[in-house]
Amino acid sequence: MRERQPAVNVSFDGVEYEGLLGESVLECARRNGVAIPSLCFLEGLTVWGGCRICVVEVAEGHRLRPACATQVAADMEIKIETPRLRAYRKSVLELLFAEGNHVCAVCVSNGNCELQDMAVHCGMDHVRYDYQSPAREVDASHPKYVFDPNRCILCTRCVRVCDEIEGAHVWDIRHRGQQAELITEMNKPWGESLSCTWCGKCVAVCPTGSLAYQGSAIGEMEHDPVMIKRLAVARNRGEWLDPKGVS
Amino acid sequence: MKQARIATAWLGGCSGCHMSFLDMDEWLFELADVADIVYSPIADIKEFPSDVDATLVEGAVANEDNLELARDIRAKSRLVLSFGDCAVSGNVTAMRNPLGDPLQILEAVYVDAPDRDGLIPNAAGIVPPLLPKVLPLHKIIRVDAFIPGCPPPADRIQAALEALLEGVLPPNRGEAIRWG
């Protein structure tokens, strides 16, 4: 077990809570039962800070910071539910929907989707931006799983879980900006991957219908990101090491 | 009391939203007590009338007929509502957009497909030309409120109509705005 970290005072939307030095603003909020919406963050994986859904205002100067990648400090005044932050979160979601081809009605994850749920949470009833309608091919070459880049939001949970928990590192992101895309095995079809162990952790953590089991029909795909938290917690605690110290 | 003048219209969609509208069942009788349905694909009315209080528009804007009707609706309705995911986002109707030029898509369907006679349907004044891109309704005309869903469940449509009849916009928070 880790030593207990020194406690400091922080406030969320004007209410005081106990923060622990070394933890992130997001961890601190969740430990105290304060809700901060997030998408790319997944407990048990390294912090990515890419989706910007969890941005908060830190009082001095009202700078926006991702709660997942900002450490708690003494007397930090954190704002979560301000009109500006609500507007930014909604804009981020609209940009995510405009960037890919997200068609909820025909998606395997319809009704079980973190992106769809977040759109409801943030009050997105339409998308103001122009849809980019990119042409992207589905990779159904793997015997067990399907990768549909049309539904990918580049949260990199699959990249991280494959590298950090499974240790296989099948997934990567290539190119930048609007061209950025997920690839498997140095851009070979997933089904030809020699490093993929078929473990399915990438599928378990995907927040949308981008990674799914072969043969899933509309609304049938349910992900299981909590399993990864269990693995990470057990590993950090050394639960599966020989108690006598002989590995 | 003066009857509210409500219209519904059908652009590039599958009519599933209108099926869901009919799924309001006996509440339709209550609606008929307080509102006149002055234009709808389920009523035999040829011209979109003037002086409409609110129009629910199903479907995306996919062809020139859709474009013309959408503009006519806006000019003659006090409130326009995007009714269902196709009107809201393009949805399934807009799935042709990543494939590019509509002419190439028509060729793939009508010319290259083996069980067809090799001709793209082309009857002037009857088959409307496709627009280069399918667009959500709010990209063509101003839209006052959105009723997402594929289709929107009947109780969601009812809640929207009840709000309109009370003179307010439909709920735009929580499950009322869930897509899919």
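I began with chain A, where five strands form an open sheet in the order E2-E1-E5-E3-E4 with mixed pairing. Strands here are DSSP runs of E with at least two residues, helices are runs of H or I with at least four, and both are numbered from the N terminus; two strands pair if DSSP finds at least two bridges between them. I note at the outset that this is a predicted model, in which local features need pLDDT of at least 70 and side-chain atom pairs count only at pLDDT 80 or more, while totals for chains, interfaces and linings use all residues. Residues are numbered from 1 along each chain as its sequence is written, and chains are lettered from A and ligands numbered from 1 in the order in which they are written.

**Entry 1: the sheet of chain A**

I looked up the edges of this sheet and found strand E2 (15–20) and strand E4 (63–66) of chain A, each of which pairs on one side only. From one strand to the next the twist averages 40°, where axes are lines fitted to C-alpha atoms, for helices over the stretch in contact, and angles run from 0 to 180 degrees between N-to-C directions. Strand E1 (residues 7–12) of chain A runs antiparallel to E2(A) and is joined to E2(A) by six bridges; within this pairing I found A:Glu16 of E2(A) as the bridge partner of A:Ser11. The hairpin of E1(A) and E2(A) has two residues between the strands, and A:Asp13 in this hairpin takes a positive phi near 45°. Strand E3 (residues 55–58) and strand E5 (residues 76–79) of chain A are also antiparallel, joined by two bridges, and A:Glu57 stands opposite A:Lys79 in E5(A).

**Entry 2: the sheet of chain B**

Chain B has an open sheet of five strands in the order E2-E1-E3-E5-E7, and its pairing is parallel. I read the edge strands as E2 (35–39) and E7 (145–147) of chain B, each pairing on one side only, and the twist averages 30° from one strand to the next. Strand E3 (residues 52–58) and strand E5 (residues 77–83) of chain B pair in the parallel sense over six bridges, and B:Ser77 in E5(B) is the bridge partner of B:Val52. Helix H6 (residues 154–165) of chain B packs on the sheet, touching strand E1 (4–10), E2, E3, E5 and E7 of chain B, and its direction makes about 155° with that of E7(B).

**Entry 3: backbone exceptions**

A cis peptide bond joins B:Cys150 and B:Pro151, with omega about -10°, and B:Pro151 is found in the loop between E7 and H6 of chain B. B:Asp51, in the loop between E2 and E3 of chain B, has a positive phi near 60°; B:Asp51 is exposed because 9 other C-beta atoms lie within 10 Å.

**Entry 4: a helix of chain A**

H3(A) is followed by A:Gly123, whose phi is positive, near 75°.

**Entry 5: domains and chain contact**

Chain A is divided into domain 1 (7–81) and domain 2 (103–234), with bounds that come from an automatic or database domain assignment. Their C-alpha centres lie 26 Å apart, and twelve residues of domain 1 are in contact with 18 residues of domain 2, contact meaning that the C-beta atoms of two residues, placed from the backbone, lie within 7 Å. The domain 1 side of this contact divides into eight nonpolar, three polar and one charged; Ala, Val, Leu, Ile, Met, Phe, Trp, Tyr, Cys and Pro count as nonpolar, Asp, Glu, Lys and Arg as charged, and the others, Gly among them, as polar. Between the chains, 19 residues of chain A are in contact with 24 residues of chain B, and the chain A side divides into eleven nonpolar, seven polar and one charged.

**Entry 6: confidence**

The model scores ipTM 0.94 and pTM 0.94. The mean pLDDT of chain B is 95, and 99% of its residues reach 70 or more, pLDDT being the predictor's confidence in each residue, from 0 to 100.

Conventions
Buried ≥ 20, exposed ≤ 12 C-beta atoms within 10 Å, placed from the backbone.
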